[in-house]
Amino acid sequence: MKDGTASQTARRVAAHRLGYQRLAAGYGDPASDQSLTADVADGEQPNPGRMHEHLRARTAFFDRTVVDALGRGVRQVVIGGAGYDGRALRYAKPGVTWFELDHPATQADKVARVARLDLDRDHIRFVAADFTADLIAEPLLAAGLDPASPTLFLLEGVAAYLDRPVVERVLAAFRQVAADGSELAMSVSTGTATPEARARLQQRVAELGEPIRSQFTPDQGRGLLAAGGWQPSEAPGRQLDAGLLLGRAGVPGASPAATVPSPADGESPALPLSALLSAALTAFTIEADNEAEHRLPHRTTNDGPSPGAAAGAPWLTSLVMWANCLRQLPDEGITVAELRRRARTGTNLDGMRRWRYVTYTPDQGQVKRQGKRPGPGAIVTPTAAGRRARAVWQAATEQTEARWRERFGAAAIDELRAALADVVARLDPALPDCLPILGYALRSTFEPEAPTGPQNTPDPQNTPDHQDATNLQDATHLPLWALLSKPLLAFALEYERAPGPSLAVSANVLRVIGPDGVRTRDIPALAGISKEAVAMAVGRLAESGLATEGPDPAGGRFKFTRLTAAGAAARDAYADRTAAVEADWRARLGASRVAALRTALEPLAAGRPAPLLAALEPYPDNWRARVGPARILPHYPMTLHRGGYPDGA
């Protein structure tokens with residue numbers, strides 16, 4: 001909207017509402033709402049037609065949502081972008097407090113009208129906030145919102161006028177102060193109007209200084225809810241087509257046995273140690289990925305070449321592909337066997353060649369047996385693009401770690417590094433510095449080569465607090481991403497010694513499928529992983545007899561994933577299995593060391609939203625700018641052969 005002026009589109013919506021039959025309730029003051037609306041709409045003449053009928057249906061939807069929530073005993077209602085909404089008057093109910101968030105100019109005009117008309121406002125808390133620039137959660141709490149009590153959040157007719165990142169931030173902020181059991185109703189512009197009608201609307205609102213900035217399909221709208229921490233509710237197709245969405249606050253689709261209670265009176269912590277490590281490693285990787293992408297000429301399948309990139313620019317990859325390949329290569333090249341020895345893990349060598357980072361000269365004997373795959377004696381050499389990427393990645397990871405020290409505080413990062421190094425010193429020194437690409441059944445892989453010289457492997461018979469310091473590896477020199485990767489891989493390997501799905505599948509997919517199942521399309525947003533990674537995981541679960549994928553029971557057109565009895569048992573065992581690994585670590589590595597690691601990780605990785613998410617806003621030229629920044633971090637990185645991205649993208 002124009003600076004310093006009240007919203008003109010809000011006035012026009014008020015004019016439309018004057019002619020609607022509104023839902024009645026046995027409480028409230030409809031006359032006051034009508035009085036305010038008439039005052040606001042004075043001089044406005046609404047045009048009958050498609051928009052008038054759309055607003056009628058939208059108004060009825062939000063009226064019904066409010067009345068139903070108050071009937072269930074909800075005692076707090078937050079209206080985001082309230083405009084001249086009069087529901088706080090129409091549905092005023094003893095014991096219910098209303099919080100209206102809106103742009104300062106519009107809210108000041110509304111408050112002045114309410115005062116001039118002498119309308120009761122004692123139950124309303126007016127909170128001025130520009131969604132594009134101001135804090136949201138903190139002012140609501142300061143105004144008296146109780147985050148422990150269920151709340152109804154309304155976001156009607158607002159999302160279309162905000163850019164997607166702003167909508168995501170608003171939804172995440174609402175979730176931050178929403179108790180489990182809270183509900184959110186939101187409308188989005190779905191673009192179902194004819195191109196001509198939509199063009200006319202866009203021109204009209206742009207002339208008013210309030211241009212339409214976003215449009216979402218129903219599925220994209222549900223994805224917005226899920227990314228903000230809201231569990232999308234099932235709804236009839238007609239309601240979804242109209243862009244009318246509902247979401248609930250709570251652990252998405254998880255049964256009580258699938259979650260770990262919050263710390264209290266000695267209970268287990270809220271997140272498994274593996275999930276805390278995963279959140280930190282994934283956030284670090286995404287930030288470093290964004291930085292390297294911003295600096296490197298490259299190309300991607302969806303976006304083509306980056307600005308200024310030559311026709312032969314390499315395809316974009318993630319940190320893991322630098323760590324397990326380019327980082328190890330000297331300019332003159334080394335053999336495949338030596339690369340494997342240095343990285344202590346395999347790499348997608350065929351991919352790195354196709355993506356134009358390396359070339360190799362295969363030994364002829366291996367070519368005959370393995371086709372295009374080079375044998376252990378083949379020489380792998382970085383291309384010019386590979387040499388440049390090697391230097392850029394080194395700088396990007398160092399810069400990311402330096403940013404973390406500035407953002408979270410040098411003391412906090414020093415504490416994290418020390419806790420990680422203390423644990424890593426007691427793990428297998430043959431563990432690679434980075435997570436290997438997930439193998440068959442999305443299991444973690446680790447195939448150490450036979451030692452070629454003296455090894456300083458910790459003696460497992462030593463008690464954790466009395467191990468000989470000479471038997472420990474010095475991990476203090478490792479970069480932060482490696483310090484995070486090693487214990488996470490060690491945790492996964494121990495988790496996967498027991499029969500059952502891998503940690504990657506359990507932590508990301510099984511965890512979010514509740515007793516009633518979930519739409520397969522919703523799993524990526526719930527778990528924080530890509531749709532390709534979900535397809536692989538769901539396919540594996542189906543092959544193993546742990547899940548089925550079939551039609552939506554509500555009649556929707558998308559597939560629905562349900563767990564079998566065996567799958568539900570595997571899901572419920574996830575918390576017990578992670579707790580068992582952590583208990584074993586406390587016994588073997590030392591309870592104080594594991595506790596120190598938790599103490600260092602939890603301030604970064606726990607909470608809604610996690611502080612780690614704060615810096616994941618991509619550069620405008622990043623591919624993540626097109627899909628939006630990460631809002632949920634996976635509970636185990638899905639490092640696939642596709643490029644090593646932590647979310648399997």
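Reply: In this predicted model, start with helix α11, residues 273-295, and helix α23, residues 591-605. Their axes come within 9 Å and cross at roughly 50 degrees.

Now see which side chains you can pick out where the helices touch. From α11 come Leu273, Leu276, Leu277, Ala279 and Ala280. From α23 come Val594, Leu597, Arg598, Leu601, Glu602 and Ala605. Sorted by class, the contact of α11 with α23 has 9 nonpolar residues and 2 charged ones, with no polar residue.

Next, follow the chain to Tyr619, which sits in the loop between α23 and α24 (624-627). Is Tyr619 buried, exposed or partly exposed? Its relative accessibility is 25%, and buried would mean under 20% while exposed would mean over 50%, so Tyr619 counts as partly exposed. Find Asn290 too: Tyr619 and Asn290 are 329 residues apart in sequence, yet their C-alpha atoms are 6.8 Å apart in space. Leaving aside neighbours within four places in sequence, Tyr619 is in contact with Asn290, Glu291, His294, Arg403 and Ala625.

For another helix pair, turn to α18 (residues 480-495) and α22 (residues 565-589). These two pack at an angle of about 115 degrees, and their axes are 10 Å apart. Here α18 passes α22 in a right-handed crossing. On the α18 side, the contact is made by Pro487, Ala490, Phe491, Glu494 and Tyr495. On the α22 side, look for residues including Tyr574, Arg577, Thr578, Val581 and Trp585. By class, the contact of α18 with α22 divides into 7 nonpolar, 1 polar and 5 charged residues.

Finally, here is a piece built from strands. An open sheet of 3 strands runs in the order β10-β12-β11, with antiparallel pairing. The strands β10 (334-335) and β11 (358-361) stand at the edges and have a single partner strand each, so one side of each is left without a neighbour in the sheet. Between β11 and β12 (residues 379-382), the antiparallel pairing covers 4 bridges.

Methods
Residues numbered from 1 in each chain as written. Predicted model: local features only at pLDDT ≥ 70, side-chain atom pairs only at ≥ 80, totals over all residues. Heavy atoms only, no water. Axes fitted to C-alpha atoms, helices over the stretch in contact; angles between N-to-C directions. Contact = heavy atoms within 4.5 Å. Nonpolar A, V, L, I, M, F, W, Y, C, P; charged D, E, K, R; others polar. Pairing = 2+ DSSP bridges. Left-handed = near helix turned anticlockwise from the far one by under 90°. Buried < 20%, exposed > 50% of the residue type's maximum accessible area, 1.4 Å probe, protein only.
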